[in-house]
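Subject: Structure handover

Hello,

Here is the structure for you to look through. My notes on it follow below.

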Amino acid sequence: MKENYQKQLDALLATLPPEGKPRLLLQSCCGPCSSYVLEYLTRYFRVTVLYYNPNIQPRSEYDRRLYWQQELIRQLPTPEPVELLACDYDGQRYLDAVRGLERAHGFDFFGTTLTVSPHKDAQRLNAIGAELAQQYGVRWLPSDFKKREGYKRSIELSRQYGLYRQEYCGCLYSKPVDNAAAGE
């Protein structure tokens, strides 16, 4: 039976104290994916966006997405400032990049914007997050941000803020082939 992560998130949010927002480390691969999620979660958390996605190729694509992530954070009205923690482009795995950061920066929770995409498996992502929470002792923020029309809202926000919406997830295997360049 599939878990309803939106209901789990609702229950968790209902337990948060009205004052003194907890800190959330939120992994993001791009501005469009984080747009709705930031609009939603900044009501409940002090958010630091961890911009990291080691599979994005080439470097220019990584830099372009980082620029638009920064632009969204700059333009999006939030109850308090959103911080950005941008990792260097190094090709290392996500886990290697964040190991230790959860305690070094005092985060109460960690989560990801990836569940906003209809192409991502929220069940699998939440299972991985729960596993990592047990392993590292930091609470996982369960989510399925595509619920309640989160994906649709991310598209609206992308238009509103003029964000670059990429044509592929970032890895070379999903990049559309330029037929002209391929000689077709």
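pLDDT is the predictor's confidence in each residue, on a scale from 0 to 100. The model is predicted, and the protein averages a pLDDT of 87, with 86% of the residues scoring at least 70. Confidence is highest in helix H1 (residues 5-15), at 97, and lowest in H4, at a mean of 54. Over residues 180-184 pLDDT stays under 50, and the model has two contacts beyond four places in sequence for this stretch. Where pLDDT is low, the predicted coordinates should not be read in detail.

Next, the largest pocket. Its volume is about 950 Å³. The lining consists of 36 residues, and those nearest the centre of the pocket are Cys29, Asn53, Leu114, Lys120 and Leu125. Two or more lining residues come from each of these elements: helix H2 (31-41), helix H4 (94-98), strand S4 (109-112), helix H6 (122-136) and helix H7 (150-161). H6 contributes the most, with five residues. By type, the lining of the largest pocket has 19 nonpolar, ten polar and seven charged residues. Please keep in mind that H4, one of the elements in this lining, is where confidence is lowest.

Two packed helices are described by the angle between their axes and the distance between the axes. For H2 and H7, the axes come within 8 Å and cross at roughly 110 degrees. Angles of 65 to 115 degrees count as roughly perpendicular, so H2 is roughly perpendicular to H7.

Regards

Technical notes: Residues are numbered from 1 along each chain as its sequence is written. This is a predicted model: local features need pLDDT of at least 70, side-chain atom pairs count only at pLDDT 80 or more; totals for chains, interfaces and linings use all residues. Side-chain values use heavy atoms; hydrogens and water are left out. On a 1 Å grid over the protein atoms alone, a cavity is a set of points where a 1.4 Å probe fits but cannot get out, and a pocket is an open set with protein on both sides within 12 Å along at least five of seven lines; lining residues have an atom within 4 Å of a point. Grid points are joined across faces, edges and corners, and a volume is the space filled by probe spheres set on the points. Helices (H or I, at least four residues) and strands (E, at least two) are DSSP runs, numbered from the N terminus. Ala, Val, Leu, Ile, Met, Phe, Trp, Tyr, Cys and Pro count as nonpolar, Asp, Glu, Lys and Arg as charged, and the others, Gly among them, as polar. Axes are lines fitted to C-alpha atoms, for helices over the stretch in contact, and angles run from 0 to 180 degrees between N-to-C directions. Angles under 35 degrees count as roughly parallel, over 145 as roughly antiparallel, 65 to 115 as roughly perpendicular and the rest as oblique. Contact means heavy atoms within 4.5 Å.
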